[in-house]
Amino acid sequence: MSVPVRFARRQDSVASAAEQMRSLGIGVLPVAEDERIVGIFTDRDLALALAGQESALNGLTIARVMNAGVIFCRATDSIEAAAALMGDHQVRRLPVLDDQGRLAGLLSVTDIAVHASEQLAGETLGEIAEYR
């Protein structure tokens, strides 16, 4: 998983989140409050916000465009269990929570390929891309 994890807060502007994503070369930011995950903001959310909003991004908050239904795993879960969650829910990035439910990191398919198993990463990506 990637640590330290970068995140946004609900009250942050979409513009500041987009700038953070651009400068870090990432496509997702977990949304956290008091070290607890409350949502996910993706590059897709950004694109939809741009297409659907006439207001400036500086006035648009993350809370208005984030996904509140977050799929996550625990730091103690096996890599296979985390990969299965990714496949089942068709997500390429998975927030990782510690024992207290705080954001500990972010797991990607690339992390699985580089640090665990290219075969498992390929199978996971196949599940993610599968049309349902």
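Q: Which residue in strand 2 stands opposite Ala32?
A: This is a predicted model: local features need pLDDT of at least 70, side-chain atom pairs count only at pLDDT 80 or more, and totals for chains, interfaces and linings use all residues. Residues are numbered from 1 along each chain as its sequence is written, and side-chain values use heavy atoms, leaving out hydrogens and water. Strands here are DSSP runs of E with at least two residues, helices are runs of H or I with at least four, and both are numbered from the N terminus. Look across from Ala32 into strand 2 and you'll find Ile37.

Q: How many bridges join strand 1 to strand 2?
A: Two strands count as paired if DSSP finds at least two bridges between them. Strand 2 covers residues 36-42 and runs antiparallel to strand 1. Glu33 facing Arg36 is part of that picture. The number of bridges joining the two strands is six.

Q: Which residue in the turn between strand 1 and strand 2 has a positive phi?
A: The two strands make a hairpin, with two residues between them. The phi in question is about 50°, and it belongs to Asp34.

Q: How many residues of strand 1 are buried?
A: "Buried" means under 20% relative accessible area, with exposed over 50% and partly exposed in between (1.4 Å probe, protein chains only). In a regular strand, side chains alternate between the two faces of the sheet. Here Val28, Pro30 and Ala32 are buried on one side, and Leu29, Val31 and Glu33 are buried on the other. For strand 1, residues 28-33, the buried count is six of six.

Q: Why is strand 2 described as largely enclosed by the rest of the structure?
A: Strand 2 has seven residues to check. It gets that description because the number of them that are buried is five.
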